[in-house]
Amino acid sequence: MPGIDKLPIEETLEDSPQTRSLLGVFEEDAAAISNYMNQLYQAMRRIYDAQNELSAATHLTSKLLKEYEKQRFPLGGDDEVMSSTLQQFSKVIDELSSCHAVLSTQLADAMMFPISQFKERDLKEILTLKEVFQIASNDHDAAINRYSRLSKKRENDKVKYEVTEDVYTSRKKQHQTMMHYFCALNTLQYKKKIAMLEPLLGYMQAQISFFKMGSENLNEQLEEFLANIGTSVQNVRREMDCEVETMQQTIEDLEVASDPLYLPDPDITKFPVHRNLTRKAGYLNARNKTGLVSSTWDRQFYFTQGGNLMNQARGDVAGGLAMDIDNCSVMAVDCEDRRYCFQITSFDGKKSSILQAESKKDYEEWICTINNISKQIYLSENPEEIAARVNQSALEAVTPSPSFQQRHESLRPIPQSRPTTARTSSSGSLGSESTTLATLSLDSLVAPDTPIQFDIISPVSEDQPGQAKNSGQGGVQIHLENLEEDQKLKLKTNFHNLQHCKMFYHSDKGYASGHCPRDSILHQLFIVRFLGSMEVKSDDSPDVVYETMRQILAARAIHNIFRMTESHLLVTCDCLKLIDPQTQVTRLRFPLPNVVLYATHQESKRLFGFVLRTSGGRVESHPTSVCYIFESNNEGEKICDSVGLAKQIALHAELDRRASEKQKEIERVKEKQQKELNKQKQIEKDLEEQSRLIAASSRPNQTSGEGQFVVLSSSQSEESDLGEDGKKKKESEA
């Protein structure tokens with residue numbers, strides 16, 4: 001029958017908010033029908049009671065008329081005419097009373113019985129199914145909550161089996177109850193018509209039969225109308241029987257097909273993950289912080305709409321905006337001992353949300369779908385085909401075939417000459433359109449057969465014997481050291497140090513004036529997430545960083561690697577340090593002179609990387625270059641500017657050191673020359689003294705004060721000369 005609204009039984013297993021909202025409309029309709037039918041029942045009950053009263057009153061009247069002749073009135077005489085007239089009236093009224101009794105019986109059978117059956121059986125069945133469905137829904141929600149709280153670290157097979165069986169039983173019960181409840185509500189749309197038309201039809205037929213007993217003249221048009229109503233009621237009944245049979249068959253088919261889906265975490269081999277989706281909907285647990293440490297989890301229905309992630313509570317008519325996921329980032333996280341958790345961060349890094357999926361399949365599909373939406377694939381005409389093509393391109397980018405390399409070589413334009421530089425400006429990395437990846441060969445940028453390091457080795461594993469301690473080889477051999485106390489203090493007050501540094505240096509002009517201690521000139525701290533590292537063949541162009549970013553991101557997408565290690569990047573004038581935010585232990589240390597190239601992504605400000613030149617690699621005694629790629633909270637330019645500022649400070653400090661050493665060398669030369677000059681002067685003085693003594697010894701012998709001569713022998717003169725010369729020589733040497 002056209003115009004009959006029905007609940008979709010096929011969507012009972014999904015149990016979406018739209019289905020619940022539509023169910024609420026049907027429940028409101030059932031409540032309105034129940035209220036109206038109660039009022040109609042009361043009105044028909046009054047008719048039936050009035051008819052019974054009329055029949056009883058008529059019978060009483062007839063009885064009283066019959067007993068008139070037995071009455072003895074004080075002033076009345078035996079009036080035979082009156083008595084016979086009343087007796088005739090008594091017969092007519094008695095016959096009329098019999099007709100009213102028949103009418104009452106017909107009203108009871110044709111009018112009161114159908115509406116009473118509808119009120120007592122059908123409406124009560126709806127209320128009973130509603131209560132049973134509510135209990136089954138609450139039991140299913142409780143079972144899902146217990147399943148979601150299963151511990152990943154302290155996993156108990158027995159508890160897990162019991163909780164899984166509980167989820168299976170409660171979900172099956174809810175599904176079956178919901179399907180029967182939907183079937184009853186759909187049937188109610190037919191029964192309400194029957195319940196209203198059948199009593200009216202019975203009432204009118206009873207009245208017609210009542211009047212036929214007293215009159216042969218009956219309105220034929222009324223009979224035709226009532227006949228049509230009766231035919232319509234029979235058609236509705238036949239259609240209802242067919243529809244009930246169809247719904248019962250649908251319920252049986254859905255019970256068989258939905259049995260594997262009752263498990264909360266179905267087997268991925270039987271239900272493969274779809275990675276090319278640009279639209280998805282389903283229930284997720286969302287974490288809501290209630291304090292500094294405590295948090296709660298709310299189960300809501302989430303769905304994507306264009307570039308937005310929407311959420312909708314059960315029973316709501318429409319959903320609300322949860323987050324804008326255009327250009328967002330999504331990654332897997334470990335959160336509060338829960339499984340299948342992932343975090344969505346907005347493009348500006350100001351808003352993030354942690355969600356938990358019910359199964360591994362949903363977990364991977366949500367991450368892939370949000371990644372596809374973040375790339376704005378949904379704006380294309382065929383988004384799923386574009387997503388599949390992007391994934392295939394990413395696969396070819398990581399494992400290129402020979403034909404692809406030949407096409408790449410043949411289509412490669414002639415690269416333009418660039419000045420060799422070790423620093424690309426932030427504005428150039430963001431707005432440059434002339435520098436593209438197509439101008440460089442894949443082999444000229446990345447070393448062949450080079451592995452990709454996706455994670456940082458734990459600091460605990462570095463203490464094991466036999467592991468390398470050099471931090472400059474491919475990001476795999478990591479050097480670890482503990483922070484000194486003054487460095488920990490500087491980490492806590494990095495913003496104060498930065499303001500102190502700005503008194504001496506300008507981030508855009510380099511070195512200004514003044515001096516401050518080298519270990520306190522620059523300390524800047526950033527929150528970064530390590531994406532990966534790989535060995536590269538060239539370190540003279542920022543395209544090396546762009547190509548490495550592309551390959552690492554493509555490899556992560558293909559191999560489903562979404563986990564990232566979060567660290568604190570400390571930029572100083574000596575080195576770059578990756579510090580564990582929990583233990584304050586240095587994970588990696590990069591000497592600043594070895595950082596030869598750094599750049600941000602051309603489109604996404606969150607991605608940045610740098611190239612580290614080391615002394616050893618896969619080939620002995622040959623320097624190698626390793627490119628490290630990170631993701632920050634929209635601070636890629638700031639990090640590159642900080643590294644540039646640190647290199648400028650280190651450069652000027654090195655120039656000052658060399659100038660100071662040169663000045664000291666000049667002073668040492670002057671001092672040495674002064675010593676030589678003093679030594680020459682002392683030698684000349686000694687020669688003059690010797691000449692004077694020799695001249696004195698060559699004169700004639702002079703007399704003393706008493707007229708006597710003092711004669712010196714030649715041996716005594718020589719000894720005296722040698723004694724004076726030796727004494728002067730010792731003094732000059734001293």
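Two strands count as paired if DSSP finds at least two bridges between them. Helices (H or I, at least four residues) and strands (E, at least two) are DSSP runs, numbered from the N terminus.

This is a predicted model, in which local features need pLDDT of at least 70 and side-chain atom pairs count only at pLDDT 80 or more, while totals for chains, interfaces and linings use all residues. Residues are numbered from 1 along each chain as its sequence is written, and side-chain values use heavy atoms, without hydrogens or water.

Start with β1. It runs antiparallel to β2, with nine bridges between them, and a hairpin of five residues connects the two. One of the pairs is Asn288 with Thr296 in β2. β1 also runs antiparallel to β7 (residues 352-356), here with two bridges. Ala286 stands opposite Leu355 in β7.

Now the second largest pocket. On a 1 Å grid over the protein atoms alone, a pocket is an open set of points where a 1.4 Å probe fits, with protein on both sides within 12 Å along at least five of seven lines; lining residues have an atom within 4 Å of a point. Its volume, the space filled by probe spheres set on the points, is about 800 Å³. Of its 32 lining residues, Leu13, Glu14, Arg171, Glu358 and Asp362 are the closest to the centre.

What elements supply at least two lining residues each? They are α3 (157-212), β1 (281-289), β2 (295-305) and α5 (360-374).

Why does the pocket lie between domain 1 (17-69 + 79-218) and domain 2 (281-379)? Because both give residues to its lining. The domain bounds come from an automatic or database domain assignment.
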